[in-house]
Amino acid sequence: MTLRGILNAAHGLSYYSRLQEVTANNLANVSTDGFKVDRMTGQLAPGTSYPVPVQHLDLAQGGLRETGRELDVALTGPGFLVVKTPQGERLTRGGSLHLDPAGQLVDPDGNPVLGHNGPIVLTAGKVEIQSDGTVKADDVAIDQLRLETVADPSQLRKEGTGRFVSDAKTIPADTATTSLRQGSVEEPNSDAILGMIDLVTIQRAYSANVDALKAMDGVLGTVAGEIGRV
Amino acid sequence: MNPGLRTSASGMKAQQLMVDTIANNLANVNTTGFKRSRVSFEDVLYETLQGAQVVNPRDPQTIAPVQIGKGVRLASILRLHTQGAPEQTGRPLDVAIDGEGFFQVQRADGTIAYTRDGTFTMSDTGAIVTSGGYRLQPNISVPADAQNLGISPSGVITANNGGTTTELGRVELARFVNPSGLMSLGENMYSETAASGQPVTGAPQEPGFGRLLQGMLESSNVEIVQEMTDMIAAQRAYEINAKAVQAGEDMMTATNGLIR
């Protein structure tokens with residue numbers, strides 16, 4: 001039926017404009033350290049013929065970029081660092097850390113990065129962060145950074161500023177597969193070329209839906225305006 | 001209005017900042033003791049269209065939440081205090097630091113500033129000053145008749161007048177737990193901030209401090225090839241975001257074409 005067809009095309013338009021937004025966000029973050037891209041796909045809802053957005057977070061490893069800055073940390077493997085925010089503990093893929101006035105190791109938003117004994121305080125000395133997360137100042141071990149992960153990545157939600165919220169309990173990351181690299185940052189795992197191709201596809205699919213809608217509108221116009229005429 | 005437009009605009013703004021920072025790095029490629037900066041970005045708020053859903057109560061499998069991000073913003077611009085290559089000048093009062101540490105100089109208002117630029121000269125009163133005229137701390141005065149000034153790797157300044165060597169003083173360096181937290185004052189000087197931590201002072205070649213190289217200057221740590229490739233990447237990323245704006249705009253035009 002044509003009215004149902006118009007509705008389906010409208011759902012299609014709404015799906016493609018969301019997809020365009022997600023792609024635009026992935027492309028806007030092509031220089032954001034530790035960024036993980038979102039992948040949106042359409043799935044047919046039962047009994048309908050229009051796509052419903054289904055999203056998943058692509059946690060694939062990003063490339064490492066050497067900076068030589070002591071407080072830049074990159075993670076390899078599936079783990080996350082744990083930061084303490086006023087809303088609770090959050091996960092992050094590291095990046096450029098800082099020191100707050102009290103000497104606490106904090107993320108760019110000023111949230112303390114947690115070790116096994118709570119926030120890590122560095123007041124003097126040369127900072128060394130080892131691959132297993134051990135933090136040393138002038139060769140004296142201070143604490144070990146907590147490296148955690150989740151069993152099911154679909155339970156991670158993004159909070160912005162590189163942080164993830166886990167709806168499920170976090171578990172310690174396997175130190176055999178997760179390691180830290182001091183003096184490096186993790187590049188985003190986005191692919192600009194794929195993003196561009198997606199943009200073109202989305203734009204064409206959107207126009208196709210608009211054309212379909214127009215065609216069906218034309219049919220309806222004929223039905224209402226001409227068939228009824230005696 | 002297509003909300004993706006604003007997202008892409010934030011991406012363009014971010015890449016503009018990247019190009020600005022690279023331009024400043026390149027402008028200072030020949031500045032003594034200059035340290036390059038790097039921009040760090042972060043993603044911004046996410047709109048959650050639907051939370052994580054459990055597909056089947058008996059099956060623990062869940063569908064991931066549908067979230068739409070709203071772009072990117074500047075997190076910080078970080079100065080990277082890696083070593084620059086020492087360059088031979090042969091001037092006795094040119095000093096490079098090989099390793100950690102900053103020279104301490106006194107500013108006009110009496111506060112201490114920190115610099116890696118070791119282009120020192122003598123003032124009319126015999127004090128050792130930077131090219132900007134700021135006194136090296138602790139104060140070292142050089143007698144008017146001093147000849148053959150020597151600065152040892154451990155910072156001891158000596159004069160050698162006709163075979164007799166006299167010690168005039170010792171240079172002290174300062175180091176910080178987080179040097180990228182220092183604030184730039186211009187004239188190659190930095191001041192301490194809450195983020196850099198308190199300075200720890202010590203003589204050159206003491207544990208944790210670098211050594212001094214007389215007759216040398218530390219060149220900037222800017223690598224032209226690196227900056228140029230970063231510039232190309234930033235330019236392309238800018239273009240891609242501009243294309244995303246265009247795609248969003250075309251979609252809006254198509255929508256507007258619906259009404260006859």
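The points below go through ground rules, sheets and hairpins, a helix pair, and then the pockets and cavities.

1. Ground rules. This is a predicted model, with local features needing pLDDT of at least 70 and side-chain atom pairs counting only at pLDDT 80 or more, while totals for chains, interfaces and linings use all residues; side-chain values use heavy atoms, with hydrogens and water left out. Residues are numbered from 1 along each chain as its sequence is written, and chains are lettered from A and ligands numbered from 1 in the order in which they are written.

2. The three-stranded sheet. In chain A, an open antiparallel sheet is made of three strands in the order β7-β4-β19. (Strands are DSSP runs of E, at least two residues, and helices runs of H or I, at least four, numbered from the N terminus; two strands pair if DSSP finds at least two bridges between them.) β7 (94–96) and β19 (179–182) of chain A are the edge strands, each pairing on one side only. From one strand to the next the twist averages 25°.

3. Four bridges hold the antiparallel pairing of β4 (residues 72–76) of chain A with β19(A). If you want a spot to check it, go to A:T76, whose bridge partner in β19(A) is A:S179.

4. Two hairpins in a row. β12 (residues 127–129) and β13 (residues 134–137) of chain A run antiparallel and are joined by three bridges, with A:E128 standing opposite A:K136. Their hairpin leaves four residues between the strands, and A:G133 in the turn has a positive phi of about 100°. β13(A) is also joined, by four bridges, to the antiparallel β14 (residues 140–144) of chain A; here A:V135 stands opposite A:D143. This hairpin has two residues between its strands, and A:D138 takes a positive phi near 50°.

5. The helix pair in chain B. α1(B) and α2(B) pack with their axes 9 Å apart and at an angle of about 160°. (Axes are lines fitted to C-alpha atoms, for helices over the stretch in contact, and angles run from 0 to 180 degrees between N-to-C directions.) That makes α1(B) roughly antiparallel to α2(B), the label for angles over 145 degrees, with under 35 roughly parallel, 65 to 115 roughly perpendicular and the rest oblique. α1(B) passes α2(B) in a left-handed crossing, meaning the near helix is turned anticlockwise from the far one by less than a right angle. The contact has 17 nonpolar, seven polar and three charged residues. (Ala, Val, Leu, Ile, Met, Phe, Trp, Tyr, Cys and Pro count as nonpolar, Asp, Glu, Lys and Arg as charged, and the others, Gly among them, as polar.)

6. The largest pocket. Its volume is about 500 Å³. (On a 1 Å grid over the protein atoms alone, a pocket is an open set of points with protein on both sides within 12 Å along at least five of seven lines, a cavity is a set where a 1.4 Å probe fits but cannot get out, and lining residues have an atom within 4 Å of a point; grid points are joined across faces, edges and corners, and a volume is the space filled by probe spheres set on the points.) Of its 26 lining residues, A:V30, A:S31, A:R65, B:M18 and B:A233 lie nearest the centre. α1 (4–27), β1 (37–43) and α2 (224–256) of chain B each give two or more residues to the lining, and α2(B) gives the most, with seven. By class, the lining divides into 12 nonpolar, six polar and eight charged residues.

7. The second largest pocket. About 320 Å³ of space lies here. It is lined by 21 residues, and those nearest its centre are A:E70, B:H81, B:T82, B:E100 and B:P179. Five of the lining residues are nonpolar, eight polar and eight charged.

8. Cavities. There are four of 30 Å³ or more.
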